[in-house]
Amino acid sequence: MKRSRIGVLAAAVAVLAGALAGTAAADSQSIESWTPVARTPPMGWSSWSALRRKFTEETIKAQADVLHDRFAAYGYRYINIDAGWNDHVDEFGRVAADPKKFPNGVASLARYLHQRGLKFGIYLVPGVPAQAVAADSPIEGTPYRVHDIVMSGAGNTADDKSAKLDFSKPGAAAYVRSQARQLASWGVDYIKMDFVGPGGGKIPADNREDIKQWHAAIQATGRPIHLELSNSLSIAEAATWQRYSNGWRIEGDIECYSHCVGLTNWDVRVKLRFADAPKWTSFAGPGHWNDLDSIEIGNGDANGITPDERQSVMTLWAIEASPLLLGTDLTKLDPDDLKLLTNREVLAVDQAGRPARPVSQETQQQVWFSPDGRGGVTVALFNLGSTEASVTASWPDLGLRGPASVRDLWTHRNLGVSRDSFTATLAPHASRLLHLVPRHH
């Protein structure tokens, strides 16, 4: 009898152990199946360029439907709503959705996107909104109010009516955690935190501690949420941005707001990226990327840049491993632009996450390159000048010795073997994107 009971007990323990092992295996499998935040540069669409503040739940869904149908197969996943989604604060001083634009709330939109395999992004700025300051809102879950957690100074680099959080005061961190919990509960997958200082904007502000607190608050939610910083972040603080965020804008807006035809402009907006991107190259890598801003390709001439310039934009963004967030109206797609945005070999360069460096920037004819980690080299040739010119990639400059096979990634053509260099004659603002493999490799 004793043996029988022991046998039963042993069997029960075995069953329980098996169940626990199965649960643990399931949990392990679930955890392993998670995609780490920003393991590769994010891809998707953002509302600001094409829609500005003139969007509703339905117009966002229309963009999402196109992204799902035409782009998701290529890796584009995020639908990010920018400034214009909120118009008031809630009872705890947190920005809240405009009910006219989102009558069902933004959580409903997030569910719609998630059901289609997409991800949902939202827009915020640091500090405490002026409306919350005026209301002296209570801080959720604490005995404190807004006046208990702020200090003198603007909360961000754009709004001098916002209040700066004083994280030495009880309740300040709780305010950020309250916001993060709410966003996580809505199903947010991406936060664009705009007007972060030191950096761009009209007002000096220091938001380094805000970003540290937001990083901690997001981690505490248990939800993988990408934190992107904007705009023109200070390179002097690059190590901070690298540690506490998943990406940062290295420039101001790509959009051209006056005296331009189209969304952007080569000379006024695009060309700045070529000058400044190399300064940031060493800070990019899995989990945190240099953001060149949205891609203004998709609407043909309405982009404001020529077909050659569009290819050069895509080439630069890809070889710099920048996030690829489309800024154009996806309901008005240009077929040739669509080909640029869905070239798998070019997208693979971006997703490989190996930012390139220029051999030299002494002239307007430039060669940018990045080792591919397998003995080969990805090379971009750019003619930034205003007249046709030749651009030559010399193998020794790229760390190659001996002949190499050359493949054109834009045309998907193998161009044969070159002994020690490759030269292309390029129209103004045109480019080539090549992959070189040493012949002996």
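Start by selecting Asn231, which sits in the loop between S9 and helix H8 (238-244). Helices here are DSSP runs of H or I with at least four residues, strands are E runs of at least two, and both are numbered from the N terminus. Show the backbone: the peptide bond joining Ser230 and Asn231 is cis, with omega at about -10 degrees.

Before moving on, some housekeeping. This is a predicted model, where local features need pLDDT of at least 70, side-chain atom pairs count only at pLDDT 80 or more, and totals for chains, interfaces and linings use all residues. Residues are numbered from 1 along each chain as its sequence is written, and side-chain values use heavy atoms, with hydrogens and water left out.

**Next stop: the loop between S8 and H7**

Pick Pro198, which is in this loop. Gly197 and Pro198 are joined by another cis peptide bond, omega about 0 degrees. Now click Phe195, found in that loop too. Phe195 is not a glycine, yet its phi is positive, about 55 degrees. For context, most residues other than glycine have a negative phi, and most peptide bonds are trans.

Follow the chain into helix H7 (residues 208-221), which lies across strands S5 (119-124), S8 (190-193) and S9 (226-229). H7 runs at about 165 degrees to S9; angles are taken between N-to-C directions, from 0 to 180 degrees, using lines fitted to C-alpha atoms, for helices over the stretch in contact.

**The parallel sheet**

Colour the eight strands in the order S11-S10-S9-S8-S5-S2-S1-S12: they form an open sheet with parallel pairing. Two strands count as paired if DSSP finds at least two bridges between them. S11 (289-291) and S12 (324-326) are at the edges with a single partner strand each, so one side of each has no neighbour in the sheet. Neighbouring strands here are turned by 25 degrees against each other on average, direction ignored.

Zoom in on S1 (residues 43-46), which runs parallel to S12 and is joined to it by three bridges. Gly44 is opposite Leu325 in S12.

**Two helix pairs**

Select H3 (residues 57-71) and H4 (residues 106-115): their axes come within 11 Å and cross at roughly 15 degrees. Show side chains for Glu57, Ile60, Lys61, Ala64 and Asp65 of H3, and for Ser108, Leu109, Tyr112 and Leu113 of H4, which make the contact; contact means heavy atoms within 4.5 Å.

Now try H9 (266-280) and H10 (residues 307-319), packed at about 30 degrees with axes 10 Å apart. Trp266, Val270, Arg273 and Phe274 of H9 meet Glu309, Ser312, Val313, Leu316 and Trp317 of H10.

**Last stop: the antiparallel sheet**

Select S13-S14-S15-S20-S17-S18, in that order: an open sheet of six strands with antiparallel pairing. S13 (357-358) and S18 (413-418) are the edge strands, each pairing on one side only. S14 (residues 365-371) and S15 (residues 377-383) run antiparallel, joined by seven bridges, and Phe382 in S15 is the bridge partner of Gln366. H9 comes back into view here, packing on the sheet and touching S13, S14 and S15.

Finally, highlight residues 363-435, which UniProt lists in an unreviewed entry as "domain: Alpha galactosidase C-terminal"; such annotations may be inferred rather than shown by experiment. The span is 0% helix and 58% strand, and its end C-alpha atoms lie 23 Å apart.
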